[in-house]
Amino acid sequence: MYEPFYGFSEKPFSLLPDPDFLYMGDKHSSAYAMLQYGLTNQAGFTVITGGIGCGKTTLLRHLLDELDDDISVGLISNTQQNVGHLLQWVLMAFGLPYRGKSKVELYETFYDFLIEEYARNRRTVLIIDEAQNLSAALLEEFRMLSNINADKNQIIQMILVGQPQLRDLLRRPELEQFAQRIVADYHLTALNMAETAEYIHTRTFKAGVEEPMFNKGATDLIYRYTRGVPRLINIMCDTALVYGFAVEAEMITATIVQMVAKDKAETGLLRLDYDHEKRDRAAASAADWPDDNTLVDFDPEQARYSLKKLPE
């Protein structure tokens, strides 16, 4: 809707995990480097954790796009504690037949697949997304699968990605042997204020607009409201562009961000770090306004906000 008005070639703040829009700041670069290190050094297990909406799945998609052709990858993303036969999910992830087989036959199919890939000088990597949903028993089954080795080589590597609860799970005493197999791990945290501004400008640039679309007052407020969580930043920025388009604002300012945050807070569907005092304090700063002759006008009949110019 707003793309032609602002000159975007596509939506810059989609919620889909698009690797083309991955922001490789210090934190995401470090997490990606750890993934590469684990793959290069044939780590049995690599673990990446991070809060909800921090960009873990987008990082995974980027990794999948960059992997060499000599690596066979299986991805399990629909994790839960009661998945039935784990081997069925593993075989399905690699596109192998799994229906109507006994547990022994499932294991034999997977073992033969690994040996065949190894004989062809191919590595096998199994990625488990949302791994915090797995039980300790299922994680132990994964550890047992990692015992399939050939000579001195690790012929299957596993990457576990999940929320912070995964770290708590791996600290349990019954998973000590599993934890000792983890060669590479990284905890991805939210962005700081400067990184939030870079993140926003990076995404608008990749969507086709070279000049910054959000001024400093806007990016600072977005950081305060979202606590630097990329998914929340995307929601705030996308909605701010809709509001900006509605009032034909050339630049997204703190004024517009305040309007978005208030409306989001009132619906209760999005958890933001928002309160009325914070909005009023931010609005009191002239630097946060589009210019000295602009204010936010509320129409009670239509229940909507708009930017209104003061008379000269």
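Close-up 1. Leu91 has a relative accessible area of 0%, so it counts as buried (buried means under 20% relative accessible area, exposed over 50%, and partly exposed in between, with a 1.4 Å probe and protein chains only). Those accessible areas come from the Shrake-Rupley method with a 1.4 Å probe, and for residues only the protein chains shown count as cover. You'll find Leu91 in helix α4, residues 86-93 (helices are DSSP runs of H or I with at least four residues, strands are runs of E with at least two, and both are numbered from the N terminus). Look for Phe113 too: Leu91 and Phe113 sit 22 residues apart in sequence and 9.4 Å apart in space, C-alpha to C-alpha.

A quick word on what you're looking at: this is a predicted model, in which local features need pLDDT of at least 70 and side-chain atom pairs count only at pLDDT 80 or more, while totals for chains, interfaces and linings use all residues. Residues are numbered from 1 along each chain as its sequence is written, and side-chain values use heavy atoms, with hydrogens and water left out.

**Close-up 2. Helix α11 from end to end.** Helix α11 takes in residues 230-246, and its 17 residues should span 24 Å at 1.5 Å a residue (the expected span is 1.5 Å times one less than the number of residues). The C-alpha atoms at its ends are 24 Å apart, which agrees. How many of the 17 residues of α11 are buried? Twelve are, so this helix is mostly covered. Among the buried ones are Pro230, Leu232, Ile233, Met236, Cys237, Leu241 and Gly244.

**Close-up 3. Lys11 meets Asp238.** Asp238 belongs to helix α11, and its side chain meets that of Lys11 in a salt bridge (3.5 Å, N to O). A salt bridge here is a side-chain nitrogen of Lys or Arg within 4 Å of a carboxyl oxygen of Asp or Glu, and by this rule the count comes to eight. Are the two partners buried or exposed, or something in between? Lys11 is partly exposed, with a relative accessible area of 38%, whereas Asp238 is buried, at 17%.

**Close-up 4. Glu140 and Arg143 in helix α6.** Here Glu140 forms a salt bridge with Arg143, and the closest N and O atoms are 2.5 Å apart. The two residues are three apart in helix α6 (residues 136-145), so about one helical turn separates them. An α-helix has 3.6 residues a turn, so residues three or four places apart point the same way. Glu140 counts as partly exposed, at 23% relative accessibility, while Arg143 is buried, at 6%.

Close-up 5. Salt bridges that share partners join Glu117, Arg120 and Arg122 into one network. In one of them, the side chains of Arg120 and Glu117 meet at 3.0 Å, N to O. Glu117 counts as buried, at 4% relative accessibility.

**Close-up 6. Two positive phi values.** Most residues other than glycine have a negative phi, and most peptide bonds are trans. Asn121 has a positive phi near 60° although it is not a glycine. Its place is the loop between α5 and β3 (123-128), and Asn121 is exposed at 66% relative accessibility. Glu130 isn't a glycine either, and it has a positive phi of about 55°. Glu130 sits in the loop between β3 and α6 and is partly exposed, with a relative accessible area of 26%.

**Close-up 7. Two surface patches.** Patches are made of residues with over 30% relative accessible area and no salt bridge, with like charges joined within 9 Å and nonpolar side chains (Val, Leu, Ile, Met, Phe, Trp, Tyr) within 5 Å. Tyr107, Tyr111 and Ile115 make a nonpolar surface patch of about 260 Å². Tyr111 lies in helix α5 (residues 103-119) and is partly exposed, at 37% relative accessibility. Which residues gather in the patch of negative charge? They are Glu10, Asp20, Asp65 and Glu66. Asp20 is in the loop between α1 (3-6) and α2 (26-40), and it is exposed, with a relative accessible area of 57%.

Notes. Lys and Arg count as positive and Asp and Glu as negative; His and the chain ends are not counted. The place of a charge is taken as NZ of Lys, CZ of Arg, CG of Asp or CD of Glu.
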